[in-house]
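Trainee: Could you walk me through reading a few features of a model, starting with a pair of helices?

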Amino acid sequence: MSPINPTGALARSWSAPVGSEALALLAEAVLALRSTRDVATACDIATSRVLDHWGGGEFRLVRIDARSGALRLLDQSGAEAPYLSEIGGPVEWVIREQRGLFEEQVQRSYDAGLWSEPPGSLAALPLFSGTELFGCLVIAFAAPRGFSPDEQRALRVMADALSLALARSDARRAFDDEQTRRGDVERRLATEEEASSNLMSVVAHEIRTPLTAIKAYTETLIDSLTNPHAPRERFLNIIDQECDRLSRLVADVLDLSRLEAGRRPLRLARFDPAALGREVIDQMEPLAQARHVVVSLEVGPDHVIEADTDLIRRLLVNLLGNAVKFSPAKGSVRVRMIAQGDEWLAEVEDEGPGIPPQDLPRIFERFYRGARPDDQETEGTGLGLAISRGIVELHGGRIWAEPRAQGARFCLAMPLRQLASPQARRVARNVLDRRDLRSLLDGTVEMVAAMMDAEIVSLMLVDPDRGDLFVAASRGFEGKNTSLRRTLVRSGVAGSVAAWGRPVLVNNIETDRRFQRLNHPQYSTKSLLSVPLRVEGEILGVVNVNNKTSGQECDEDDLALLATLVERVGGAIERAYAHPDSGRTVEEASETIRRITRLKREGLLGARSSVGMARALARELGMPAAESAQIAYVAAIHDLGMSSIHQRLTTILGPLGPDERHTLMQHPEAGAEMIRPLDQGTVCDVVLSHHERWDGGGYPRGLRESEIPIGARILAVVDAFESMTSGRPHRPPYTVDEAIAELRREAGAQFDPAVVEALFRLLEREGGRHG
Amino acid sequence: MASGKILVVDDEIYIVHILDFSLGMEGYDVITALDGEQAIEKARNEKPDLIVLDIMMPKLDGYETCKMLKADDATRDIPVILLSAKGRNVDQKVGFEVGADDYITKPFSPRKLVERINAILGQTSSQRMQA
């Protein structure tokens with residue numbers, strides 16, 4: 001883009017002459033804005049070169065979030081904070097009218113939240129990207145002033161140039177976000193683990209504090225039974241009070257652990273938050289009256305939210321309780337609620353001591369305590385705000401605190417409705433529009449039922465029109481309660497998996513505290529697995545498995561296997577998008593899925609015990625959880641190519657004929673070929689190589705030692721062990737000791753010695769555990 | 001009756017109160033502080049015979065307070081008993097490294113704390129005889 005000629009849009013805005021000095025400044029600013037990439041520089045240019053010319057002035061950038069429609073206030077560094085526009089204020093006006101507003105003398109609402117001082121005059125201008133309104137630029141001047149037609153035009157030009165700079169910075173940020181997303185996920189997993197062990201030690205410390213008081217007072221009480229001067233009643237009151245504190249602490253710690261994202265499914269209802277707000281305010285009334293604090297509620301146009309009523313009540317009680325407790329006598333607490341875009345925004349303001357700026361980022365941490373009100377020495381557990389944050393985040397929202405001139409303001413924003421993201425809905429629509437992909441999903445349910453040995457399997461997809469989840473394919477679900485056929489995102493087990501993407505295993509749905517009160521009578525047994533189906537990075541749905549036909553409980557091996565199977569299906573759908581000849585790709589994937597289903601039903605694929613052993617061995621060899629799960633999956637399907645001859649091999653006695661031997665030698669290649677539509681990478685390679693030998697004498701490629709993929713080296717040992725210990729028609733089974741001895745004899749020849757030793761350690765540990 | 005002046009430092013007001021009572025019954029004169037900064041000031045001005053110092057406190061924690069007391073000529077000879085919820089060996093080591101004279105873990109027995117104080121100050125116990 002040439003820096004010399006303004007774009008057409010800019011040129012049109014610039015039609016009337018202005019003073020030559022202003023013109024020069026403006027031209028310079030526009031040129032500079034055109035070449036900036038970041039918001040900070042753009043803001044700096046706008047302020048220093050243009051506003052200074054008008055004798056100073058402050059400006060604010062408010063932008064409309066493309067996904068939610070909510071407003072964000074940009075600061076000079078380009079950082080964003082959610083913003084609630086004032087009813088009847090300039091920001092609201094510009095967004096509604098989509099044109100500029102010039103107020104020579106500010107008389108009415110002026111978006112007070114934007115300024116430290118009331119402005120004398122202001123200009124508010126829309127920011128467009130193409131024809132789409134994406135924000136608003138508000139400029140305030142300390143004194144009333146006129147805006148000549150030339151000046152109005154000049155400000156419009158500046159807004160246009162700023163729009164371009166912002167659009168560019170958006171594009172760049174989208175790119176950077178994508179780059180960092182992966183790294184973030186990995187870091188978060190590490191942090192979560194650390195946080196959990198950290199919590200234990202912090203909780204231990206917090207529990208010891210009331211315990212110390214109880215111990216000290218009790219002992220002193222005992223020692224002073226004969227002492228007429230001891231204030232025994234006071235001692236007993238303190239002990240009683242500290243016991244209460246301990247109970248509250250234990251209850252809060254439990255609540256908090258349940259609130260950790262993805263651990264507690266929400267019980268969603270549609271309700272009027274204002275009514276709930278009034279209820280909570282009434283409940284607070286005695287406390288507020290005692291302190292002569294006035295609590296007021298200000299509500300935007302009527303709205304309902306989709307949220308967990310109990311949790312939102314708890315949230316409001318926490319925030320309001322804090323506000324009242326920290327208020328000075330005769331202070332006022334203001335609660336505001338409004339629906340904006342597809343977000344619900346709420347604020348609680350008090351006139352208390354406020355929060356020191358250095359504490360702001362940390363107050364939502366567990367047990368973080370800033371200054372406490374004097375008479376609240378022991379009341380709080382230090383977990384109220386952490387619980388509040390947990391509640392808001394569980395609803396997919398954000399909570400933050402802002403300083404005020406006098407007091408504190410707590411703000412939160414959460415989705416009005418618990419629906420899948422527009423991106424997930426778009427992907428779901430593309431999938432549902434294709435008959436071949438729908439049939440792939442039907443096949444997936446059958447495959448999962450066969451592989452997992454499950455009575456009931458359901459595949460829930462995001463409904464592209466409604467945004468909730470519905471059962472798109474199922475097995476064993478007939479005649480079940482139809483209310484189970486739909487669920488909102490974040491609601492129930494399936495909804496929480498769809499929201500957070502974390503696989504869930506529930507072994508006893510009646511006692512697992514995550515799902516108390518959520519039990520449905522339809523769960524005739526207790527085991528439940530639920531894993532996400534991801535396509536193009538979006539969670540498109542979930543696959544749920546209940547009730548193994550064997551009646552056994554599900555375990556971590558089952559969960560890992562299910563997650564891996566469903567990942568494969570997600571991968572196949574993704575490739576169907578990318579592949580030029582995608583009809584054929586999908587048909588091949590469906591065929592592979594059908595074949596796996598059939599062979600498993602006929603009992604020709606890997607035994608359940610090998611799957612668990614393969615995963616345990618991979619773990620023992622220090623492989624990461626994800627890779628170990630993948631090896632378990634390969635163990636489950638690697639004999640796909642054997643299907644044609646397997647039956648015969650397991651029933652005949654005596655040596656194989658030449659044809660049979662040839663077929664046997666072919667099966668790794670046949671298997672790799674069959675699995676290819678679901679897996680291109682490692683898995684194919686492992687299937688292809690599971691009959692290679694450590695000493696290079698195996699087939700089909702004659703690989704040796706570390707040339708053989710580790711997964712294949714593991715499978716070779718697992719297969720041999722399984723085959724020896726289960727026996728064949730022509731020979732009795734080996735004992736575990738005999739099998740190990742045989743494996744050790746072959747270590748370094750047929751098998752990888754490290755894998756054999758790992759198996760030995762594993763069996764020894766298990767033997768030790770059972771014996 | 002024992003005699004002497006004890007400075008009790010803890011941010012938990014109830015702990016301060018109960019120690020005030022127990023040590024008072026023993027015959028000690030008790031002064032109190034709710035944080036490390038206050039403790040240093042009172043130690044300098046009031047010259048207590050012994051300091052009972054909590055470790056986990058906001059602002060200046062017990063370790064830092066102890067280090068500062070031991071670095072100051074005016075207060076270095078006052079014996080310090082650290083009082084903390086932490087009970088691991090590493091904490092004890094750190095406690096002695098900063099110059100503390102004794103260490104007692106929370107939850108603690110006021111009776112035992114009195115015994116330790118008496119031992120350090122060379123006093124004999126009187127209060128428990130009544131019980």
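**Reading a helix pair and some backbone details**

Mentor: Gladly, and keep in mind that this is a predicted model. In chain A, the axes of helix α16 (residues 625-637) and helix α20 (residues 710-726) come within 10 Å and cross at roughly 50°.

Trainee: What are two packed helices described by?

Mentor: By the angle between their axes and the distance between the axes.

Trainee: Which hand does the crossing of α16(A) and α20(A) have, left or right?

Mentor: The crossing of these two helices, α16(A) and α20(A), is right-handed.

Trainee: Which residues in α16(A) and α20(A) meet?

Mentor: From α16(A) come Ile631(A), Val634(A) and Ala635(A). Their partners in α20(A) are Gly711(A), Ile714(A), Leu715(A) and Val718(A). Sorted by class, this contact between α16(A) and α20(A) has six nonpolar residues, one polar and no charged ones.

Trainee: And how does chain A look as a whole?

Mentor: Chain A contains 22 helices and 19 strands. It has 771 residues, of which 40% count as buried. If you take the contacts in chain A between residues at least 6 apart in sequence, 65% of them join residues at least 24 apart.

Trainee: Is Gln98(A) buried or exposed?

Mentor: Exposed: Gln98(A) has 12 other C-beta atoms within 10 Å, and a residue counts as exposed at 12 or fewer.

Trainee: Where is Lys330(A) in chain A, and what is its phi?

Mentor: Lys330(A) sits in the loop between α8 (309-326) and β10 (332-340) of chain A. Its phi is near 65°, a positive value in a residue other than glycine. Lys330(A) counts as exposed, because it has 10 C-beta neighbours inside 10 Å.

Trainee: Which residues does a cis peptide bond join in chain B?

Mentor: Lys106(B) and Pro107(B), with omega about -5°. To locate Pro107(B), go to the loop between β5 (102-105) and α5 (110-121) of chain B.

Conventions. Residues numbered from 1 in each chain as written. Chains lettered and ligands numbered in written order. Predicted model: local features only at pLDDT ≥ 70, side-chain atom pairs only at ≥ 80, totals over all residues. Helix = DSSP H or I, 4+ residues; strand = E, 2+ residues; numbered from the N terminus. Buried ≥ 20, exposed ≤ 12 C-beta atoms within 10 Å, placed from the backbone. Contact = placed C-beta atoms within 7 Å. Axes fitted to C-alpha atoms, helices over the stretch in contact; angles between N-to-C directions. Left-handed = near helix turned anticlockwise from the far one by under 90°. Nonpolar A, V, L, I, M, F, W, Y, C, P; charged D, E, K, R; others polar.
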